[in-house]
Amino acid sequence: MSLSSPFTQADPGSSLPPPLIGALLRVPFETVRDRMLAGLHERGFTDLVAAHLDVFQYPGPENQRPLQLATHTRMTKQALNYLLGQLEQLGYLVREPDHDDQRSKRIRLTRRGHAAAKAIREIVKDLETEWEQQLGPRKFAQLRRLLTQLYAIATPNDRP
């Protein structure tokens, strides 16, 4: 099986250069998101939509303040609060008073929210297993090491 595609090869007859790192990362990222949503729907979480996945992105919303989560997800507070309201109505989370700051709230996952978060991890682990089989264990381990290093470089110090 060839792992190359016309997308990753410079076409000698084209004026387009080969893709840069953003494009190369985008397709696997979109594959992960598509697989997460499909897998959630298969597991009975049919009320979740793609926008909700942003709230569940690593490390997840548990015990975060909405402002922290908005910053982490790069959403406006208004957009995030809209999604939190939807997820609260659907039974995935609650917003409770913050005991450290009475002006703020903390996000708590419900049993259903924890089940969805667990399902997401299982779905992504299954996809990782597929990719490891396709790339081979050594190459996949190298990919994971390099992405982990890149994650550390690209993550601001105030994020986990």
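A residue counts as exposed when its relative accessible area is over 50%, as buried when that value is under 20%, and as partly exposed in between. With this in mind, note that the model is a predicted one.

**The whole chain**

Begin by displaying the entire chain as a cartoon. It has six helices and two strands, and along the sequence these follow the pattern α-α-α-α-β-β-α-α. Next, show the surface: the chain exposes about 11,100 Å², and carbon and sulfur atoms supply 56% of that area. Of the 160 residues, 26% count as buried.

**Helices α1 and α5**

Select residues 21-42, which form helix α1, together with residues 111-135, which form helix α5. Their axes come within 9 Å and cross at roughly 130°. Because of this angle, α1 is oblique to α5. The crossing is right-handed. Now show the side chains where the two helices meet. On the α1 side, the residues in contact are Pro28, Thr31, Val32, Arg35, Met36, Gly39 and Leu40. On the α5 side, they are Ala116, Ala119, Ile120, Ile123, Val124, Leu127, Glu130 and Trp131. The residues of this contact comprise eleven nonpolar, two polar and two charged.

**The loop between α2 and α3**

Move to helix α2, residues 50-56, and then to the loop between α2 and α3, where Pro59 lies. Which kind of peptide bond joins Tyr58 and Pro59? The bond is cis, with omega at about 5°. In the loop between α2 and α3 one also finds Asn63. Asn63 has a positive phi of about 70°, although it is not a glycine. At 38% relative accessibility, Asn63 counts as partly exposed.

Select residues 66-73 for helix α3 and residues 77-89 for helix α4. These helices pack at an angle of about 110°, with their axes 9 Å apart. They are therefore roughly perpendicular to each other. The crossing of α3 and α4 is right-handed. In the contact, Pro66, Leu67, Leu69 and Ala70 of α3 meet Lys77, Leu80, Asn81 and Leu84 of α4. Six of the residues in this contact are nonpolar, one is polar and one is charged.

Then select Arg74, in the loop between α3 and α4. Its phi is near 60°, a positive value in a residue other than glycine. Is Arg74 buried or exposed? At 71% relative accessibility, Arg74 counts as exposed, because the value is over 50%.

At 34% relative accessibility, Glu96 counts as partly exposed. Which residues does Glu96 contact, leaving aside its neighbours within four places in sequence? They are Ser104, Lys105, Arg106 and Arg108. Finally, draw a distance between the C-alpha atoms of Glu96 and Asn63: they are separated by 9.4 Å, while the two residues are 33 residues apart along the chain.

Conventions. Residues are numbered from 1 along each chain as its sequence is written. This is a predicted model: local features need pLDDT of at least 70, side-chain atom pairs count only at pLDDT 80 or more; totals for chains, interfaces and linings use all residues. Side-chain values use heavy atoms; hydrogens and water are left out. Axes are lines fitted to C-alpha atoms, for helices over the stretch in contact, and angles run from 0 to 180 degrees between N-to-C directions. Helices (H or I, at least four residues) and strands (E, at least two) are DSSP runs, numbered from the N terminus. Angles under 35 degrees count as roughly parallel, over 145 as roughly antiparallel, 65 to 115 as roughly perpendicular and the rest as oblique. A crossing is left-handed if the near helix is turned anticlockwise from the far one by less than a right angle, and right-handed if clockwise. Contact means heavy atoms within 4.5 Å. Ala, Val, Leu, Ile, Met, Phe, Trp, Tyr, Cys and Pro count as nonpolar, Asp, Glu, Lys and Arg as charged, and the others, Gly among them, as polar. Buried means under 20% relative accessible area, exposed over 50%, partly exposed in between (1.4 Å probe, protein chains only). Accessible areas come from the Shrake-Rupley method with a 1.4 Å probe; for residues, only the protein chains shown count as cover.
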